[in-house]
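Subject: A structure for you to look at

Hello,

Here is the structure I promised to pass on. Please have a look at it first, and then read my notes below.

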Amino acid sequence: MIDRKNRYGLTAARIQDADGRARRPSSPTIDIHAHIVVPEAAQVARPHLDISRIPLAHFADAASKEINAGQEEDLRKVMTTIDRRLSDLDRMGIDIQVVAPAPGQCYYSLNPTIAESAHRIANDGVAEFCSRKPDRFLGLGGVTLQQPELAVRELDYVMSELKLKGVQILTNVDGRELSDPEYRPFFARAEQLGALIMLHPNGFTHGERFTHFYFNNVIGNPLDTTLALHNLIFSGALARFPDLKLLAVHGGGYLPAYSGRIDHAWGARQDSRGDLPLPPTTYLRQVYLDTVVFTYHQLAYLLEVFGPDRILMGTDYPFDMAEFNPIGHIAGVNGMDEATLAQLAGGNAIRLLDLESVVQGAS
């Protein structure tokens with residue numbers, strides 16, 4: 001039994017028999033998935049937010065809302081300042097952390113003009129946060145995806161002016177699927193720029209059955225990612241953009257663990273085939289996954305099926321649903337060798353984010 005209503009620390013989903021600091025590779029380590037908050041952006045957006053259009057906030061009972069409010073207060077300082085964050089990174093053995101605004105700062109339910117202003121402030125805020133310790137932080141911004149031409153324009157600003165590494169997008173756009181053709185110009189531009197697109201859920205859109213036990217995070221978050229990936233695959237969107245750098249957090253939700261079902265359906269039924277010339281898992285293998293799956297056996301399965309070159313170390317720091325022993329999580333996989341450990345803990349991120357020259361210059 002935990003001694004408070006929530007806690008921030010080592011996962012209870014596995015025995016902690018691998019110390020990340022003891023197995024830390026000599027090469028740079030990178031956390032690909034972490035969050036900050038930009039209060040100035042929140043101040044612009046807050047008067048216009050409709051909680052009923054934010055699934056994670058809306059589909060929650062009183063107990064979850066109370067704990068979420070407490071967590072917001074607990075993390076207020078670490079979301080905006082760096083001292084404790086740097087201490088935690090050192091404790092976890094992480095050299096560089098990629099930070100994105102908290103998912104709630106993707107303001108897709110707002111009027112596009114207001115959202116554009118809030119996203120610009122958030123993006124500038126991410127850049128400023130990273131500038132406080134540029135050798136330890138890299139950033140991802142956000143875009144006004146409900147109006148794709150604005151999203152393309154902001155993506156250009158994020159990449160060209162702010163020199164961030166990409167953007168975070170949600171798994172749906174105020175209930176609309178990312179596979180909608182209107183979003184193709186955004187994905188095309190992201191592919192052209194080599195921008196990392198971090199696909200992140202913020203609750204399941206139809207969460208009426210998920211209000212208790214924090215189920216709209218526990219179940220709903222990976223489920224919304226699962227649905228988004230299914231639609232991106234079967235619509236042909238991923239086939240259309242084979243070089244898109246798409247990272248699906250939380251291990252890609254449920255689809256990677258049960259991916260054989262989509263290939264079977266594609267081969268068995270015309271209505272499940274779409275226009276895909278190859279089995280659906282062909283396109284799933286274009287997607288990068290992070291390591292935030294909490295058990296050694298689940299990470300081992302992802303490595304076996306999708307290969308070590310598609311998996312990147314993440315934490316989801318600093319939330320209570322985060323991984324606080326990320327290197328140990330990788331090291332604890334049965335038979336984990338040092339080369340693969342280094343690849344997952346940082347090598348893949350260095351390649352994906354084009355950091356080779358930066359890392360060599362720092363060494």
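By salt bridge I mean a side-chain nitrogen of Lys or Arg within 4 Å of a carboxyl oxygen of Asp or Glu. Helices (H or I, at least four residues) and strands (E, at least two) are DSSP runs, numbered from the N terminus. Both partners, Glu323 and Arg14, are buried. Here buried means under 20% relative accessible area, exposed means over 50%, and partly exposed is in between, using a 1.4 Å probe and protein chains only.

Before going on, please note that this is a predicted model, where local features need pLDDT of at least 70 and side-chain atom pairs count only at pLDDT 80 or more, while totals for chains, interfaces and linings use all residues. Residues are numbered from 1 along each chain as its sequence is written, and side-chain values use heavy atoms, with hydrogens and water left out.

How many salt bridges does the structure hold? There are 18. One of them joins Glu66 and Lys5, whose closest N and O atoms are 2.4 Å apart. Because Glu66 is in helix 3 (residues 62-74) and Lys5 is in the segment before strand 1 (30-36), this pair ties together parts that are 61 residues apart in sequence. Glu66 is partly exposed, at 46% relative accessible area, and Lys5 counts as exposed, at 54%.

Another salt bridge pairs Arg23 with Glu338, with the closest N and O atoms 2.9 Å apart. Arg23 belongs to the segment before strand 1 and Glu338 to helix 15 (residues 338-352), so the pair ties together parts 315 residues apart in sequence. Arg23 is partly exposed, with a relative accessible area of 24%, and Glu338 is also partly exposed, at 46%.

Finally, a histidine: His250 lies in the loop between strand 8 (245-248) and helix 11 (260-268). His250 is buried, with a relative accessible area of 15%. Leaving aside residues up to four places away in sequence, its contacts include His33, His200, Asn221, Asp290 and Asp316, where contact means heavy atoms within 4.5 Å.

Best wishes
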